[in-house]
Amino acid sequence: MTLLRLTVKKKSSEAGKGALNNKISTELFKLLEANGIPTHFVKMLDDNHMLHTKVDVILIEVIVRNIATGSLSRNLGIEDGTVLPFTLVEFDYKNDALGDPKLNDQHCLILELVEYQDELDKLRRMARQINDILKPYFAQKGLNLVDFKLEFGKDNNGNIILIDEISPDNCRFWDIESGEKMDKDRFRQGLGGLTVAYEQVLNRILGK
Ligand code: C5P
């Protein structure tokens, strides 16, 4: 098994955010592994580094949505905050130069992002399983899991496994009581208090 060291991204670099994301990701990967989801996670090395298995990255960002907001509301005019009648799973092309456009299954196959339709079905199935684990988990902690982005890769044996990180940088969390945003939207929307919100998410995960 080839192992790699991942530096957890610090995109909207507030001091300490990378370490918070690393700790949050570690807890969530452990939770998912314990519930039967294969991931690239091996162990947390230090504050900003995680050891993970080497994979071939699938260039599809899998977006899972329980509540309409963000680009879904902007693109389709669904009122912000609308609880969706069922969990929506979307595919975006992981391609910064093209601005991560939406993909349908035929696009994925034409672009050879995967080999077979079965693999797209598997990505959707795994995304829903992950949502079925994370949504009630966060609800218990007083957080609505609004939407999130997942990435997947293929390991040495060709198995599809969850990769990247799961943190408030790629999930939206709204406090169930106050509706307060506890994720990267605080940065995107200039609300301030980003690190404090990430700390609160970690503390709730740790039951503090
Ligand atoms: O912006 P949009 O509403 O499409 O985002 C949906 C979800 O996917 C959000 O939780 C956002 O943080 C995440 N996302 C991401 N990276 C991207 C696009 C979206 O983490 N490149």
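## Around the ligand

In this predicted model, an N or O atom in the side chain of Arg188 sits 2.9 Å from an oxygen atom of the ligand, a polar contact being a pair of N or O atoms within 3.5 Å. Asp147 brings a polar side-chain atom to 2.6 Å from a ligand oxygen atom.

Stepping back, 14 residues surround the ligand, where a residue counts as near if one of its heavy atoms lies within 4 Å. The closest are Arg65, Ser71, Asp147, Arg172 and Arg188.

## H1 beside H6

Now to the helices, which are DSSP runs of H or I with at least four residues, numbered from the N terminus. Helix H1 (residues 17–34) packs against helix H6 (residues 194–205) at an angle of about 25 degrees, and their axes are 10 Å apart. Axes here are lines fitted to C-alpha atoms over the stretch in contact, and angles run from 0 to 180 degrees between N-to-C directions. H1 is therefore roughly parallel to H6, a label for angles under 35 degrees.

The crossing of H1 and H6 is left-handed, meaning that the near helix is turned anticlockwise from the far one by less than a right angle; clockwise would be right-handed. On the H1 side, the contact (heavy atoms within 4.5 Å) includes Leu20, Ile24 and Leu28; on the H6 side, Tyr198, Leu202 and Ile205 are among the residues involved. The contact residues comprise 8 nonpolar, 2 polar and 4 charged. Nonpolar covers Ala, Val, Leu, Ile, Met, Phe, Trp, Tyr, Cys and Pro, charged covers Asp, Glu, Lys and Arg, and the others, Gly among them, are polar.

## H1 across H4

H1 also packs with helix H4 (residues 117–140), at an angle of about 120 degrees and with axes 10 Å apart. H1 passes H4 in a right-handed crossing. Leu28, Leu31 and Leu32 of H1 meet Ile130, Ile133, Leu134, Tyr137 and Phe138 of H4, giving 8 nonpolar residues, no polar and no charged.

## Notes on the model

Residues are numbered from 1 along each chain as its sequence is written, and side-chain values use heavy atoms, leaving out hydrogens and water. Local features need pLDDT of at least 70 and side-chain atom pairs count only at pLDDT 80 or more, while totals for chains, interfaces and linings use all residues.

Notes. Helix = DSSP H or I, 4+ residues; strand = E, 2+ residues; numbered from the N terminus. Parallel < 35°, antiparallel > 145°, perpendicular 65-115°, else oblique. Polar contact = N/O pair within 3.5 Å; in protein donor to acceptor, adjacent residues only side chain to side chain.
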